Amino acid sequence: MAKLIAKSFASTRSISTSTHLSQRLNQTENEIVKMFRLPNASDSFPMSRNMPRKDPSVRTLDDRFTKILKIFKWGPDAEKALEVLKLRVDHRLVLAVLNIDVEAIVKVKFFKWAGKRRNFQHNSTTYMALIRCLDEAGMVGEMWKTIQEMVRSARVIDPAELSEIIRILGRAKMVNKALSVFYQIKGHNCTPTAHSYNSMILMLMQEGHHEKVHELYNEMCNESNCFPDTVTYSALISAFGKLGRDDSAIRLFDEMKDNGLHPTAKIYTTLLAIFFKLGKVEKALSLVQEMKENGCPPTVFTYTELIKGLGKAGRVEDAYVIYKNMLKEGCKPDVVLMNNLINILGKEGRIENAINLFNEMDILRCTPNVVTYNTIIKALFDSKAPASVAASWFEKMKVNGVIPSSFTYSILIDGFCKTNRVEKALLLLEEMDEKGFPPCPAAYCSLINSLGKAKRYEAANELFQELKENCGRASARVYAVMIKHFGKCGRLDEALDLFHEMKKLGCNPDVYTYNALMSGMVRAGMIDEALSLLKTMEERGCVADINSQNIILNGLARAGGPKRALEMFSKMKHSKIQPDAVSYNTILGCLSRSGLLEEAAKLMKEMTSKGFQYDLITYSSILEAVGKVDEAHMTSLRGPGNIDDYIG
């Protein structure tokens, strides 16, 4: 009989061949039963009369049962153990088993077995316990099935459980399923609380479903006993800010204060960013003052937003003073704030202040990161500092254990290209490749442009082809650069081929690409074709800029004579794109070449009144034109004096 039982065990389970488990296979059913038999009173020490007796329904699980569950998983052995221990299947038992440190699949099998027992039905508490286990184990599919079963089966699901389900589904990126469950449970006589709505709103915010947030807010307001709280307003104001609905965000901010709620630092910070975006600098500053007066101290995030906003408004010194005051108030800056302030100072050309700020980071125990070094390096190049200084910061970051990013190399390559150190830039491009960085279109763009300027067109084209091979295609900006240089060296057919190629590859030409091709056409004397391309560009929704207009204006001025150029210039004056200094100089040069000196003089006065200056090339063309005029006629026109008397 014992052999038959052993064979049965061996055929129905796949288990380890360890010595300990092999011995288990040889045990008889009676031995297993004996293993789990509860001790008799006579076998143990006498029980004190004063010792409280434990209720079997709340008895903690026997360690022997836990061991059997871990060894044999859920099956006949574990079921037999429950029978021998005389543990009644109820909600407490289910919760205890689900709390055991065993595989999630074992818990699922036990849960399903328990659900089929007579006189037992899972409730929302046991369902939630299993859902938590499955969430922790990452068994998303099984978790979703359990949630669906819970919604169908559980008679009562309270709002707290609804909130937790939403949060769990949100973490699993199952937004639509969370929405479905929310409305299903809501329809089962479960009235969501503000906390439930907030869970939904926060989940939608995290996943970028900002429009749906407003719908839920309206539903929430229609509930009789559910009122928006600070969390609700915080999420809504943030959502409206991200959607660009600034007026709605400000209205909600005022509404929450009218309802007696106190805005948090996060809400104030969100409003601060909105006011700066709208250009309401003074309003933003008064908001910070309001924060302090209401006992809500600004956080490092608030100060970051404040410094960023003042920097964009051109109030660099104010931003720097805010930083100093922040330190006095005991608020410690983080690396994001420091990076922003260094960037603001660098753009303003205050490179010494930026470097001093970098040095302060060590004292403040704020460790510079790759963005900090990138910002300093870029500021050095922008301030025309020697390229060797920028390169020394590159070496410094590596010595300090900060790994350069693709953007670091891109900044260095662009900087070296602009300082005519193309060979050094090419070496850095090779280093990028050796380090395993993916091809960086911005770096290639800088190099291709520099090689083109140096009239090394073949080398530029080789790099362009290399970028396409490595990336599958180039960006619109890189195409524009290559088209520009093909146009400059008279290879217009190749420029046109590239233009058609990029469209075929699904890379839509931008304004820079159109401008590059129009410039090439103008150089080749194809003025009408360039005008036609300008119209095509606008028809396809690509908005022309002042450079687009100036390219065509230059073509007309050089090839079509003053009449067509003046007509276009007049149209520009009455359009959204107003003529700039380049436009005026183009027309001025055209008038001087045509000998229309009186018209040129009038235009120069107009330029001066608008704050534009005529460039040296234009001035030279005027001098040349004046030199060709009869001396007697010149004297009658301007009398004694010099050329400046004539041209205003």
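Residue numbers start from 1 along each chain as its sequence is written, and side-chain values rest on heavy atoms, with hydrogens and water left out. As this is a predicted model, local features need pLDDT of at least 70 and side-chain atom pairs count only at pLDDT 80 or more, while totals for chains, interfaces and linings use all residues.

The overall picture is helical: the chain has 38 helices and zero strands. Both are DSSP runs numbered from the N terminus (helices: H or I, at least four residues; strands: E, at least two). Of the 648 residues in the chain, 45% are buried. Here, buried means under 20% relative accessible area, exposed means over 50%, and partly exposed is in between (1.4 Å probe, protein chains only). Contacts are pairs with heavy atoms within 4.5 Å. Among contacts with a separation of 6 or more, 61% come from residues 24 or more positions apart.

On to the inside of the protein. In soluble globular proteins, nonpolar side chains tend to be buried together. The largest nonpolar core holds 195 residues, and Phe-65 and Tyr-323 touch the most other members. Helix 16 (residues 265–277) gives the most to this core, with eight residues. A core of this kind is a set of buried Ala, Val, Leu, Ile, Met, Phe, Trp, Tyr and Cys residues joined through side-chain atoms within 4.5 Å. Leaving aside residues up to four places away in sequence, Tyr-323 touches Ile-307, Pro-333, Leu-337, Met-338, Leu-341, Leu-357, Glu-360 and Leu-364.

Val-336 lies in helix 20 (residues 335–347) and is partly exposed, at a relative accessible area of 44%. Its C-alpha atom is separated by 8.8 Å from that of Val-371, 35 residues apart along the chain.

Charged pairs come next. The structure holds 26 salt bridges, each being a side-chain nitrogen of Lys or Arg within 4 Å of a carboxyl oxygen of Asp or Glu. Two examples sit within single helices. Glu-305 and Lys-308 meet at 3.7 Å, N to O; both belong to helix 18 (residues 300–312), three residues apart, about one turn of the helix. Lys-308 is partly exposed, at 25%. Lys-378 and Asp-382 pair up at 3.1 Å, N to O, and they lie four residues apart in helix 22 (residues 370–382), again about one turn. Lys-378 is partly exposed at 39% relative accessibility, as is Asp-382 at 45%.

A further salt bridge joins Lys-468 and Glu-501 (2.8 Å, N to O). Lys-468 lies in helix 27 (residues 457–471) and Glu-501 in helix 29 (residues 492–504), so this pair ties together parts that are 33 residues apart in sequence. Lys-468 is buried, with a relative accessible area of 13%, whereas Glu-501 is partly exposed at 26%. Elsewhere, Glu-282, Arg-315 and Asp-318 are linked in a network of salt bridges.

Finally, the second largest pocket has a volume of about 480 Å³. Of its 20 lining residues, Asn-449, Arg-477, Val-481, Lys-484 and Tyr-512 are the closest to its centre. Elements giving two or more residues to this lining include helix 26 (441–453), helix 28 (476–488) and helix 30 (511–523). A pocket is an open set of points on a 1 Å grid over the protein atoms alone, where a 1.4 Å probe fits, with protein on both sides within 12 Å along at least five of seven lines; lining residues have an atom within 4 Å of a point. Points are joined across faces, edges and corners, and the volume is the space filled by probe spheres set on them.
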